[in-house]
Amino acid sequence: MATGSTTAVVLLDLLFPPVCLGCGLLLRAQAPAALPLCAWCTPEHLPLPPEAIERDGITAVHAYGGPLLRALGRLKFHRQPAWAGPLGAVLSGSDSFGAAPWDAIVPVPLHPSRLRARGYNQATLLARHARLRLPGGRPPLRPGWLSRVRATPPQHRLAAAERRTNLQGAFNCLRPRRVAGRRILLVDDVTTTGATLSAARAALRAAGALQVGALALLRTVA
């Protein structure tokens, strides 16, 4: 008999059938651990070199570029939230997501002005879909524990040295009593220098979090 978590994964696969992340082609047979890419898009995929998977305490799943970046672009900039399903499935394959006993999953928030313009937070959608693919006893998703209190220029427009100062004081913990003593996993879509996740992590640590992990779907590799 299927468990609740197995049933949830089956339903997710019915709602979000395997499609190529690069071109959207519907895929037929696919190995469970295989990256959802067709034969034409597979050669474009950019895996992370082993030394770049974890850096400064931030884990990433794949390199920034290729078909996964195209799918993320559709999610973030073209109002296609359905891409959060297959991308969330990719994110859930990270050992950091399912292996550690996290008490809560916190997506990196957008500033309210950017959230209104986009209509949703892509990090929240990715974390939600990834969480649904975890086995039973999933940690709760807590997007209301952290807020972005200062609007900042997009990180990709800034030089590396400017990115850290750009985010000073940008995040605030809204639920310090609930955060205190908890093991929290931060989730974001992209990390470059790690400045965004580091600033968000600092806000949670200042509120008394026992442990704060950080996970991103894509990482830029120089």
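Student: Why is Arg-175 called partly exposed?

Tutor: In this predicted model, the relative accessible area of Arg-175 is 37%. Buried would require under 20% and exposed over 50%, so a residue at 37%, as Arg-175 is, counts as partly exposed.

Student: Where is Arg-175, and which residues does it touch?

Tutor: Arg-175 sits in the loop that lies between strand E5 (171-173) and helix H9 (176-179). Leaving aside residues up to four places away in sequence, Arg-175 touches Gly-144 and Trp-145. Although Arg-175 and Trp-145 are 30 residues apart in sequence, their C-alpha atoms are 5.2 Å apart in space.

Student: What makes Cys-173 a buried residue?

Tutor: The relative accessible area of Cys-173 is 12%, and the cut-off for buried is under 20%, so Cys-173 is classed as buried. Cys-173 belongs to strand E5, and, with residues up to four places away in sequence left out, it touches Trp-145, Leu-146, Val-179, Ala-203, Leu-204 and Ala-207.

Student: Why are both faces of strand E3 said to be covered?

Tutor: On one side of strand E3 (residues 104-107) stand Ala-104 and Val-106, on the other stand Ile-105 and Pro-107, and all of these are buried. In a regular strand, side chains alternate between the two faces of the sheet. Since buried means under 20% relative accessible area, and each side of E3 carries buried residues, the strand is described as covered on both faces.

Student: How do you know that E3 pairs with E6?

Tutor: Pairing asks for at least two bridges, and four bridges join E3 to E6, so the two strands pair, and they run parallel. Among the partners, Pro-107 is bridged to Val-187 in E6.

Student: What makes E1 and E3 the edges of their sheet?

Tutor: The open sheet has five strands in the order E1-E2-E7-E6-E3, with mixed pairing. Strand E1 (54-55) and E3 each have a single partner strand, so one side of each has no neighbour in the sheet. Within this sheet, strand E2 (residues 58-63) and E7 are joined by five bridges and pair in the parallel sense, with Ala-63 opposite Arg-219 in E7.

Student: How do you know which residues of H4 and H7 are in contact?

Tutor: Contact requires heavy atoms within 4.5 Å, and by that rule Ala-84, Gly-85, Leu-87, Gly-88, Leu-91 and Ser-92 in H4 meet Leu-125, Leu-126, His-129 and Ala-130 in H7. The residues of this contact are six nonpolar, four polar and no charged. The two helix axes come within 7 Å and cross at roughly 65°, and the crossing is right-handed. H4 also lies across E2, E6 and E7, at about 125° to E7.

Student: What makes up the largest nonpolar core?

Tutor: The largest nonpolar core has 33 residues, and Leu-21, Leu-75, Trp-83, Leu-87, Leu-91, Phe-97 and Val-187 have the most contacts inside it. At least two residues of this core come from each of helix H3 (66-77), helix H4 (84-92), helix H7 (122-132), strand E6 (183-191) and strand E7 (211-219). Apart from this core lies another, of 23 residues, including Val-108, Phe-171, Val-179 and Leu-197.

Definitions and conventions: Residues are numbered from 1 along each chain as its sequence is written. This is a predicted model: local features need pLDDT of at least 70, side-chain atom pairs count only at pLDDT 80 or more; totals for chains, interfaces and linings use all residues. Side-chain values use heavy atoms; hydrogens and water are left out. A nonpolar core is a set of buried Ala, Val, Leu, Ile, Met, Phe, Trp, Tyr and Cys residues joined through side-chain atoms within 4.5 Å. Buried means under 20% relative accessible area, exposed over 50%, partly exposed in between (1.4 Å probe, protein chains only). Axes are lines fitted to C-alpha atoms, for helices over the stretch in contact, and angles run from 0 to 180 degrees between N-to-C directions. A crossing is left-handed if the near helix is turned anticlockwise from the far one by less than a right angle, and right-handed if clockwise. Ala, Val, Leu, Ile, Met, Phe, Trp, Tyr, Cys and Pro count as nonpolar, Asp, Glu, Lys and Arg as charged, and the others, Gly among them, as polar.
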